[in-house]
Amino acid sequence: MSPAASAQPEFGEFEFVVVSNRLPVDRVTDDDGTTGWRRSPGGLVTALAPVMEKADGAWVGWHGAPDEKLKPFHNKGMQLVPVELSLREVEFYYEGFSNATLWPLYHDVIAPPEFHRHWWDSYRRVNERFATAAAKVAAEGATVWVQDYQLQLVPKLLREVRPDLKIGFFNHIPFPPVEIFAQMPWRRQVLEGLLGADLVGFQRTGDTSNFLRCVRRYVGHPIKAQQVDVQDDAGRTLYFSRAEAFPISIDVKRISDLAENEDVRERARQIRRELGDPKVVVLGVDRLDYTKGIGHRLKAYGELLEDGRIKVENSALIQVASPSRERVEQYRILREEVEGAVGHISGMFDTMRNTAIRYLHHSYPVEEMVALYLAADVMLVTALRDGMNLVAKEYVAARTNNQGALVLSEFTGAADQLRQAVLVNPHDIDGLKEAICQAIQMDPQEANRRMKSMRKQVLQNDVERWSEDFLRALQAKEDHV
């Protein structure tokens, strides 16, 4: 029996508990050398902070520093419960199993996943530690919401020690089809871990269907509609677990307000001036990750320059590639490939006055990102596989004048909602080139109509509504078929 399961039930004081790999704060150092904590800017924090403050909730997660043990502390209406990770666990559980096994497997094996038993053992032990921490702080009958692929075993571990809890799980990345998930040596353990939740949420209906097909194939519990009858070995019903799609979104108000801020708008104008006032500015914003299709985008743009369909004198591509998982070998290789492609294209087409590609390997504050969205006539989102892609929604939210065009990969969750984008298969380089040209040359009235439709969708479905919809469904779930 696992440590989490063998522990005696112990009730905490918090009615709402979030469990995620990271705490919603970053450590900062002031000018005088004192350290403190600043709330992270991510959408998940934005969505859940009001719920946490209203419920005086607790957030369980790693604080970001290996081999450091911290006591729980309070920050802006939330009780933060740090979970300790050793340097080896960061290597095996996080960089290893989470990001070199699960991440590529769940993203259509764009890169080959690695299966190592010592990584799995570390993943299992860390999940037990997170479950134990959550069980300790949750009040009797509390709601616990577990986040993402790093913690897929936590729901079952929690249920074993605290069957009184209402448990939700949300998977922020895609869930693979059964033929790909089949490669996982620990596939049944992962599925049973997820089925510990009363409600398992996914980005797309296709992810939900993939999950249920995997459950039917490898666990064998009866399924009716989207509800799984979780049974013991004798076929007796223990409880029901439901799987459903809840597409995540963004903090629309924050992006829209920044887009109307005069300082941000002036910065957008300055960006265009710094580029030499080109007729067309094309933008890509991604983590430097092999799932984002950055190489495909660069190839298509380079060929358009080579074909003479766009010219360096009147167009420019800005590619923001935020650093990501730089200790993982696949990511080091990717960075070399991307920077090599940028150098090749720039060497071929740059002039003394004009640069074909402005490549930025940095992370930027949200104000600068909104300025970039405002400066760009065309946004390129060419992910090969993506759970949602919130950058696409941020670009749409920032275009308060209903101008601009979005080229969007059909392999993103956002493509299900932003149907008025120029949808593209990024593997089809010729098709991608045509889509870029279509976006650049789009009639202003058509562009306005498309953007207006997409903005309506994003405005009506912000990140707050996402969290409300999920939690409402979790609370309303009844244990019957």
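Helices (H or I, at least four residues) and strands (E, at least two) are DSSP runs, numbered from the N terminus.

**Ground rules.** I am working with a predicted model, where local features need pLDDT of at least 70, side-chain atom pairs count only at pLDDT 80 or more, and totals for chains, interfaces and linings use all residues. Residues are numbered from 1 along each chain as its sequence is written, and side-chain values use heavy atoms, with hydrogens and water left out.

**Confidence.** I looked up pLDDT, the predictor's confidence in each residue, from 0 to 100. The protein chain averages 93, and 96% of its residues reach 70 or more. I marked residues 3–7, where pLDDT is below 50. Beyond near neighbours in sequence, that stretch has 10 contacts in the model (contact means heavy atoms within 4.5 Å).

**Gln79 and its sheet.** I found Gln79 in strand β6. Is Gln79 buried or exposed? Gln79 is buried, with a relative accessible area of 18% (buried means under 20% relative accessible area, exposed over 50%, partly exposed in between, with a 1.4 Å probe and protein chains only). Leaving out residues up to four places away in sequence, Gln79 touches Phe14, Gly57, Ala58, Trp59, Pro72, Phe73 and His74.

Next I traced the pairing; two strands pair if DSSP finds at least two bridges between them. β6 (residues 78–82) and β5 pair in the antiparallel sense over 3 bridges, with Phe73 opposite Leu80 in β6. Both strands belong to an open sheet of 10 strands with mixed pairing, in the order β5-β6-β4-β1-β7-β8-β9-β12-β11-β10. Its edge strands, β5 (73–75) and β10 (223–224), each pair on one side only.

**A parallel pair.** I then moved to β14 (residues 315–322) and β15 (residues 357–360), which pair in the parallel sense over 4 bridges. Ile318 stands opposite Arg358 in β15. With helix α12 (residues 329–349), these two strands make a right-handed β-α-β unit. Right-handed means that, with the strands pointing away from the viewer, the path from the first strand over the helix to the second runs clockwise.

**Helix α13.** Why do I call α13 largely enclosed by the rest of the structure? It is because 9 of the 10 residues of α13 (residues 366–375) are buried. Among them are Glu368, Met369 and Tyr373. The cover over the buried residues of α13 includes α9, α10 (262–274), β13 (280–287), β14, β16 (378–381) and α14 (390–398).

**Rings.** I counted aromatic rings as paired by this rule: rings of Phe, Tyr and Trp (its six-membered ring) have centres within 6.5 Å, and planes under 30 degrees apart count as stacked, over 60 as edge-to-face and the rest as tilted. The structure holds 21 such pairs. Phe246 and Phe470 are edge-to-face, 5.1 Å centre to centre with 65° between the planes. They lie 224 residues apart, Phe246 in the loop between β12 (237–245) and α9 (252–260), and Phe470 in helix α17 (residues 463–476). Both Phe246 and Phe470 are buried. I also noted a cluster of Tyr93, Phe97, Trp120, Tyr123 and Trp186, linked by ring pairs.

**Positive phi.** My last stop was Asp148, in the loop between β7 (138–147) and α5 (154–161). Phi of Asp148 is near 80°, a positive value in a residue other than glycine. Asp148 counts as buried, at 12% relative accessibility.
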